[in-house]
Structures are given as structure tokens and as C-alpha cells.
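Subject: Structure for you to look at

Hello,

Here is the structure I promised to send over. Please open it first, then read my notes below.

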Number of protein chains: 2
Amino acid sequence: MSELRHNIATGDWVIFSTARARRPHDFAQAKKEIKAIPEHKADCPFCPGNEKMAGTELFRIGDEGSWRVRSVPNRFPALSPDENIARKSDGFYTSMGGFGHHEVIIESPRHNTCIALMNNEEAEDIIRAYVNRYAVLHKIPGIENVTLFKNHGPMAGCSLEHPHSQVVAGPITPPHLRNRIAQAVNYFEMTGTCVYCKMIEKELEADTRVLLDTGKFISFLPFAGILPFTVWIIPRRHLSSFADMEESEIKDLAYILKYTLEKLYYGLSDPDFNLTIRSISALAENAKFFHWYMSIIPRLSEPGGFEMGTAMAINTAMPEASAEFLRRVKCGV
Amino acid sequence: MSELRHNIATGDWVIFSTARARRPHDFAQAKKEIKAIPEHKADCPFCPGNEKMAGTELFRIGDEGSWRVRSVPNRFPALSPDENIARKSDGFYTSMGGFGHHEVIIESPRHNTCIALMNNEEAEDIIRAYVNRYAVLHKIPGIENVTLFKNHGPMAGCSLEHPHSQVVAGPITPPHLRNRIAQAVNYFEMTGTCVYCKMIEKELEADTRVLLDTGKFISFLPFAGILPFTVWIIPRRHLSSFADMEESEIKDLAYILKYTLEKLYYGLSDPDFNLTIRSISALAENAKFFHWYMSIIPRLSEPGGFEMGTAMAINTAMPEASAEFLRRVKCGV
């Protein structure tokens, strides 16, 4: 059996292939022992005492000697504030300087932790740092888009063990976001409503893919998620920019994020994952048609040539079965 | 130094980050000994003598007992001809049966070879098989798109050692192709010419990214290729469908493909790669605006969260330097 599902927010079709399918618990990996990693490493640039190795501090929560979360420049920046934003073109090929900012958010002084294992206050500090960096970078002239993301584990492209996220602020709206904006505008034109607001309504109604509803946020496995156990976390209130959250929403987001990551941590034995925040670009403020959300995509298999060559995903797990499995996972054990 | 380059055929911007850059020869991997693999494996479903293990033969070049290239069904098909193509929708979520065909093209009776090491006649047989399967599947009612691709090596998603390619024929035009069609239509509307024809002209003029010009095809490293050593092979004659090649072009394509893969094989020590043929979908025949081409993307690094979350690529090698490096590679040594 094979089914194609349309993602109305992205316009893409995803192949759900049960001939290649595995049962949810087949995705659980060999047990990893995160506690075997030391709490402090002498040569880690993100561990306390090594602050000088990490470069100029850009943001901090907590006191200098007892910080809880901090932000520093990426040592191998993809973009740099010194580059020139002016387009150069021969009428066919166009280029510009790689203008922008690339920061690392150090999520904890502890080397051997992750959001799934933190307490609520620790997770809230991370969200506060996210909001601060997003809001500050978003306002810099020439910046059109701020991408906030987290690579957890080597399969997700993470090269440093110490828990951290990254922020890339650049002069271009990336293809994924540009595409979602175009889809959302079309949907708004056709219906007069935000496609994400409608999706939240549909998900709460169906109740087969929802992990948690806090009243302010829902965490759910999208109808046409691209990879097994893809989860979205989205505010129930219509809000196009991540920067415009209220304090009570920051707390709630920290809670639902930790809840979701705990489910994955205990259910699938700490899988590698990519977390991305999709928020409106500087192209529009307070957009009626767009709605920010967070996507969490476990990296349980590698994309092959079909996915690379088509941008069409093959998902081997049905979201309803994965949601059912995660709802039963017992955490903290 | 960091530079953003616009790809006029895809509309995307690629970040070229020299802060993260490596010199071309840094991409060469540890030597792999392909000759250490046996020429025949008793348990390989693609080796001669095991034809029954591979299922019903769909196409063959050569006699039954001494075939040179053959095509069989994929044992774990992503799509199936038995599924129902009718859309089911509640007005928001839409799905359909996973209708389509999924074949494997076995490229050689020899277990331990690859196109880079074959002679011209062997490579020609593979292209003939590609053209046959593309043309046959393309004509099936309900099929909108045929994707022909090859995963070489485990990092490219290849799970079977015996040299093979895959064909997926489905009822949807995949996002990458849909996007390229839209871009190409816009360019045609603005200029009255095919964006790929113009690109060929620009590349031959600049001559800094061209690997080989056979008169019928060019092989070049695109101005804004998404990953290090991305190569495109494209017919100089305007041709929207891969299926419409003439016999002399089939021979020429086999030659330039083998030439290009040899350069990668000897220059980068047999890198894993994804090969994809992008050809017009059944949406249009003899399209003035579209031009088929083959892309070859070595998998020298894994995409991380930034690439996953934005669809914006970070390329750590300049195509001009990579082209210069490949032009100097001595093959067959």
C-alpha cells in the first residue's frame, strides 16, 4: 500500500510508502547513554571557564560568572556583517556579498544535557534567548530573514557536543519560506483565512495526530510530514512573527517543546533531529496570511537520490500511528 | 569571504562560504579499492544466474543468457500500478493512492564495476536503457513525471552494491521540477529564449566552469551549484524531453557522462554521488521554455539543519576552482 498526501501549507505531495514501512517502535535506536558524557570538558569552547575560546559574547542570561544561556559568533560563519549587500549582475548571473550574521546560542553551562532533560526554567531561558536574538537580528537593515535552528546529534549535522542552537540572519528569504509564503497568500486569497489557523482547527477536530494541546500551543504530527515522526509546534493564536510572543507564551512554548522532545527522547532513544523556527521574513510584518511555527524532524534515515533530485519526500511511517505511539511513551523513566 | 550567487534556472540563492572552504584536493577521500569487490556474488539479486531473485524482467539489452543491461521492478516500490489515482479530499486535506511505477535498471552483469570504469559501448547501453524506460513509462496514462536517478555509494542512499539506477514514474510533478518549469516560463516570457540555451552560451563564453564540450553536449560546474563539485551535463541543441534524443546524441551523452564520472572517480577517489535526469513532465511536450539536463552531485558532506530548514545551500567550494582542478585530473591511472 502506498498513499500520496498533499501538504496544503507547502503545496507539496509526500509519498507514504507502507511497502517500505516500519512499525513505530522499529525506529527506536540502540540506547545511547547521554549521562556517560562528562558535565564539563576542559577543551570545550562552550563550557564555563572557556568563555574566551568562544569569542565576543553577544547576549547573556544570568550573571557573567554564572550564566545560564549565552550567544556568541559562529567561528566558521556562513555570512558576515562586513560583506557588501549590493547586487552584481551581467544580466544573467547575479551575485552579492555574503552579508549577514551567524551566531551560536549556548543553551546551558552543562556539557551533557539537552532540552528533553532540562527543567522548565532552563527551557524557558533558551526560548527567551531565541526571541531576543530573533528580534535583534531581524531589525538590522539589509536583513530579510532570520533562521533559527538546532542540529541535535551527528546525523543532523551537529559537530559540537555541547548543547547549542544556531541563528543565521541573511539578506534573502530562503526557498522553503518563500514557497510557504506564496502558498499561504494563495490560501488566504481563496478563503479569507490563514491556512495554519485552519490547520489547527482541523487537527483539534480530527485529534488523531495531536500530541499535546496546552491551550496556547499545539504539538502535532502533520498530515503530510516529510519524514517519520516530523512534529510541528504552533501557537493557537494567529501570530506571524516569532518575535511577537508574550511572556506567558514563552513559558508555554518552553513547556510544550520540552514535552515533545521528551516524548522523542524516551520513545526513540534520543534520536538525532533538526529543529527549525519558520517565522515571517522582513518582507511583511503582522501578516494576516502567515503563522509562525516550529518543526522538529528526527533524522532516522538519510535522504537518497530520489529526495535529492525531486524534493519529493518518501515517508515510511504514517503520522497517525506515530502520534499514537508517542502519546503512550512514558517519560522520565 | 562569503558570496551569495543566484541560480537563474532555479531562482535560488546559494551561499559560497570560503570561511568554511576547503581546497579542491581536500575533498579527495581515502582511496577505496573497488577492485577488491568480487565480479560475481552468489547472493546478489542483480548478478547473472540470480535473475529469478530480481523478479519479472521489464526490459533487456542483449540475449537472455548474456544480457548487458536489464530492468526489473523495485522490490520495495514507493509507488504501485495497482493504486487508485482519484483524489480524496475534505476540502483541506487531500490524498490519493500512491499510483505509479518503480523500476531498477541493472547497469551491468558485473558486480564490481561503475560507469567511470566501463568502456563506451557499456555506457551507451545504459543510456539506451534510460531512454527506453523513460519513454515507455512517460506514455502511461496517469503518469505525469518520470524521475530517473542513480545513487552511487552509501552516503548517496545506495543500499545495493551491484551497479544500478532507479526510475520512479508518478502522478505528480515534483517540487524541484515544478519550480524549474515556473522559473523557465518566466525567463522565456521576459526574453523569448530558453534560460538553459542562454546558460550554455554564457558558459562557453566564460569558459571557466566547462569540463568538456563535445559539440553536442557540455559538461560544466554551474555558477551557483548547491554542493561542491556539482556538475551538469546538458545537450547543446534545445530539447525539452530526454526521450527525444537521436542515436548520435545517445552515443555522445554516454561518452561525456563517462568522461565526467572518470574525472570525479580519479580526482576525488570514487566519491559517492547522486545523478538525476531533469526532463519536462507530461504537463508539456516539446516545450520551448524547458531543456532537459543531468545533474551529478557528489555527496562529500551531509546537509545540516540550515539546509534542511531553509532549502538554501551552503557550498564550501567555488565552481571555477573545482572545474580547474577536475580539468587537470589524469584519468585511467
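In which sense do strand E6 of chain A and strand E1 of chain B pair, and over how many bridges? They pair in the antiparallel sense, over four bridges. One bridge joins A:Gly97 to B:Glu3. Strands here are DSSP runs of E with at least two residues, and helices are runs of H or I with at least four, numbered from the N terminus. Two strands pair if DSSP finds at least two bridges between them.

Some ground rules. This is a predicted model: local features need pLDDT of at least 70, side-chain atom pairs count only at pLDDT 80 or more, and totals for chains, interfaces and linings use all residues. Residues are numbered from 1 along each chain as its sequence is written, chains are lettered from A and ligands numbered from 1 in the order written, and side-chain values use heavy atoms, with hydrogens and water left out.

**The sheet**

An open sheet of five strands runs in the order E15(A)-E2(A)-E1(A)-E6(B)-E5(B), with mixed pairing. Its edge strands are E15 (314-315) of chain A and E5 (88-89) of chain B; each pairs on one side only. Within chain A, E1 (residues 2-6) and E2 (residues 13-17) pair in the antiparallel sense over five bridges. There, A:Glu3 has A:Phe16 as its bridge partner.

**The interface**

Chain B gives 68 residues to the contact (heavy atoms within 4.5 Å). Chain A gives 68 residues. The two chains bury about 5,600 Å², 64% of it on carbon and sulfur atoms. Buried area is the accessible area (1.4 Å probe) that two parts lose on being put together, summed over both. In chain B, the residues that lose the most area are B:Phe92, B:Tyr93 and B:Met308, together 15% of what that side buries.

Four salt bridges cross the interface. A salt bridge needs a side-chain nitrogen of Lys or Arg within 4 Å of a carboxyl oxygen of Asp or Glu. B:Lys202 forms one with A:Asp90, with the closest N and O atoms 2.7 Å apart.

**Helix H1 of chain A**

H1 has 19 residues (120-138). Why expect a span of 27 Å? The rule is 1.5 Å times one less than the number of residues. The end C-alpha atoms are 27 Å apart, which agrees. A:Glu122 and A:Arg110 meet in a salt bridge (2.8 Å, N to O). A:Glu122 lies in H1 and A:Arg110 in the loop between E7 (101-106) and H1, so the pair ties together parts 12 residues apart in sequence.

Best wishes
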